[in-house]
Number of protein chains: 2
Amino acid sequence: MVNIAVMGYGTVGSGVVEVINTNGAIINKRAGNEINVKYVLDIRDFPGDPIQEKIVHDVDVIINDPDVQIVVEVMGGIEPAYTFVKRCLEAGKSVATSNKALVAKHGAELLSIARDRDINFLFEASVGGGIPIIRALNSCITADEIEEITGILNGTTNYMLTKMFYEGADYDEVLKEAQDNGYAERNPEADVEGYDACRKIAILSSLISGQQVDFEDIYTEGITKITKKDMMYAKAMDMTIKLLASSKRHDDHLHAIVAPALLGREHPLYNVNGVFNAVFVHGNVLGDAMFYGSGAGKLPTASAVVADVVDEAKHLHRNIMTMWDEEKLSLLPIEDTCKRFFVRVRGTAEERKAEIEEAFGPVQIISIPELKDEFGFVTSTMTEREYQKNAEKFADIIHMIRVED
Amino acid sequence: MVNIAVMGYGTVGSGVVEVINTNGAIINKRAGNEINVKYVLDIRDFPGDPIQEKIVHDVDVIINDPDVQIVVEVMGGIEPAYTFVKRCLEAGKSVATSNKALVAKHGAELLSIARDRDINFLFEASVGGGIPIIRALNSCITADEIEEITGILNGTTNYMLTKMFYEGADYDEVLKEAQDNGYAERNPEADVEGYDACRKIAILSSLISGQQVDFEDIYTEGITKITKKDMMYAKAMDMTIKLLASSKRHDDHLHAIVAPALLGREHPLYNVNGVFNAVFVHGNVLGDAMFYGSGAGKLPTASAVVADVVDEAKHLHRNIMTMWDEEKLSLLPIEDTCKRFFVRVRGTAEERKAEIEEAFGPVQIISIPELKDEFGFVTSTMTEREYQKNAEKFADIIHMIRVED
């Protein structure tokens, strides 16, 4: 029997217990051992709930019990999660977590403690919910240099952008609706400003580079400025707008960015709608691959956490996770990256095309019949530096959105 | 150093050598050991090619060399591959293969030999080329009961159906074009009759059920009867036609089938076009997931084979693959499975709707203005047995295609 402790009995924690109860027989068969939930750590009590008999309020009960071999951390946030996880690892217990903030900030250190003790620190659920993208990078796509990872990593914003695209709704409407039906939090900042996606792409970037990518270094732009009018232009171009979190290799450098982007129909991420997440991967021999699934939600997230528990039960005294060094990776500055840019300006194309092309070079004009006093254009490929330099000449740029080619 | 031997220096075999040469540094890091190609078995010689110094013509050189720990089998076909692989495993060497025919027929036995010897028999490349679907089922989605796997598992037919859908071309035209540009073989039977997809879904069905699913038991219908007119109806219904290979759980039974199916836009496989493959998976706690990538081709297939080699190098004396028993699984007979059916008949809907609804119950009529002397209808959900019984009353059914809901 392998005894586990679950730290945090919120949505994901109760999901973990539910998944183990529901699929116990097949999970035990795959783990080659019986998985038993011995403790659940929570500050609350759950009188009347069968979980109550396993509830403990003191993390030391878990840390000091030599029978506990695996600890699930699903409390979220940096503290006390970081202190608890570190102490568990130092006590020789493998840890499985869904905590992206913890992994993005302290992943390198926690992986290194686990490796030193021949145990495991796994975090499949921290990126892409139920999509097995961490395991895909760690144990599946092992013959390739990964040249690109681009993902739709936040379900809330993808739900909102999908509604805006298909229903022509405006940002404030869909945010309110998403909040009303529980897809967005009352304080939606972490989602709509791109902070959540940023931590996730930092984790993926660290994994593929083998070095620490600090999320603070990643240029991050949310969806708060995307409007109904932007979506009208997207449709006119037969494109859509998605919040992409992306990490691309340029020679020896990685370029990481979180920002809304215009995507064409032929892009594998074009059709990823609603609360679904997906991750596109390009390997130098594999070519293109994509992984798609539920990026959040109680049971999909718990499914990923329990898959980590199964792996840890199968490898109780054997480290299986790719490390990344604590040494920090310098990302390619955004100014040096190349893209096409979609830009909306005031006036009409007839009046202004010459002036715009003088600054930006040849552009493709997009006019929307319903929008009389503005139009859009798409530049050819240039660096962000060139774009910014050219854009400074125009005081009336309404909005710029990058184009993902 | 881990010495490997490659049996077969055809497209995939030379790809394996190329991938190891190209990405050697990162592959060795992930394997935790240097991977060295010691022998290449082929009946041919390759004078002037650097590979020549590794060429051997006698499999016994490989089997009798205790330094060879991993053997890659990429010859294809049942014999002599089966005999060679079995002898390698019995000699204590792990085997990685891309050979779907071998795995579908002898997988259970070869897995059992590997388990008895604490070595591995891996076959990631046998299904879905570079898509890591075998590893996803074996080591990623381990907390779930898999309730459905539905895949586009054959790139040749998907290329043809994509051309027929988007370009309105007819079957013979696209087959000829696919043959001319190397996407289809001169004898295309294995692809267009669905035999290739059938072996692949047999492997996936065996893996998720843990028992032997014989490919001969799977109802298999190819794409040879799909016409330009069928695609016109699909478009009119805002659907497309794909060759689906599917395995679904109904209570304690699996139902497996390979057949063309009408798919709606909201289905994750709708947009899988060209030579790409994809596998849709539904887990009881994970929900929906999809894996997408290059289903064939020299380097994507070699990428999957080399990933198996990396896993085998990491687990030289430890069996990591889920077994399936040799005991045969009885599939749910196709007659007992339920679907909606799209049917084309002669005449006009006005004249014939009453007669059709008397037999099939309420139907949805689809008429195509260009097709004056025929029309189509979609039944409500019924068993194949009921459909067949009703269809017997009509001598003039032009074509029936199942609808995937």
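**From a helix to an interface**

Author: This is a predicted model. Take helix α1 (residues 11–22) of chain B: it has 12 residues and reaches 16 Å from its first C-alpha to its last. That is close to the 16 Å expected at 1.5 Å a residue.

Reader: Which residues of α1(B) are buried?
Author: V12(B), G13(B), S14(B), G15(B), V16(B), V19(B) and I20(B). Their cover includes three strands of chain B, β1 (2–7), β2 (35–41) and β4 (68–73). It also includes the helices α2 (24–31) and α12 (298–314) of chain B.

Reader: How many residues of chain A are in contact with chain B?
Author: The size of an interface is often given as the accessible area lost when the parts come together. Here we count contacts: 40 residues of chain A touch 40 residues of chain B. On chain A's side, the elements giving two or more residues are α1 (11–22), α2 (24–31), α6 (133–140), β12 (287–294) and α12 (298–314). That side divides into 22 nonpolar, 12 polar and 6 charged residues.

Reader: How do β12(A) and β12(B) run, parallel or antiparallel?
Author: Antiparallel, joined by 5 bridges. G293(A) stands opposite A289(B).

Reader: What rotation superposes chain A on chain B?
Author: Two copies of a chain are related by a rotation about an axis and a shift along it. Here the rotation is 180 degrees, the shift 0.0 Å and the RMSD 0.0 Å. That is the relation of a two-fold axis. In chain A, the C-alpha nearest the axis belongs to F291(A), 2.4 Å from it. The same surface serves both copies: 100% of chain A's contact residues recur in chain B.

Technical notes: Residues numbered from 1 in each chain as written. Chains lettered and ligands numbered in written order. Predicted model: local features only at pLDDT ≥ 70, side-chain atom pairs only at ≥ 80, totals over all residues. Helix = DSSP H or I, 4+ residues; strand = E, 2+ residues; numbered from the N terminus. Expected span 1.5 Å × (residues − 1). Buried ≥ 20, exposed ≤ 12 C-beta atoms within 10 Å, placed from the backbone. Contact = placed C-beta atoms within 7 Å. Nonpolar A, V, L, I, M, F, W, Y, C, P; charged D, E, K, R; others polar. Pairing = 2+ DSSP bridges. Least-squares fit on C-alpha atoms with pLDDT ≥ 70 in both.
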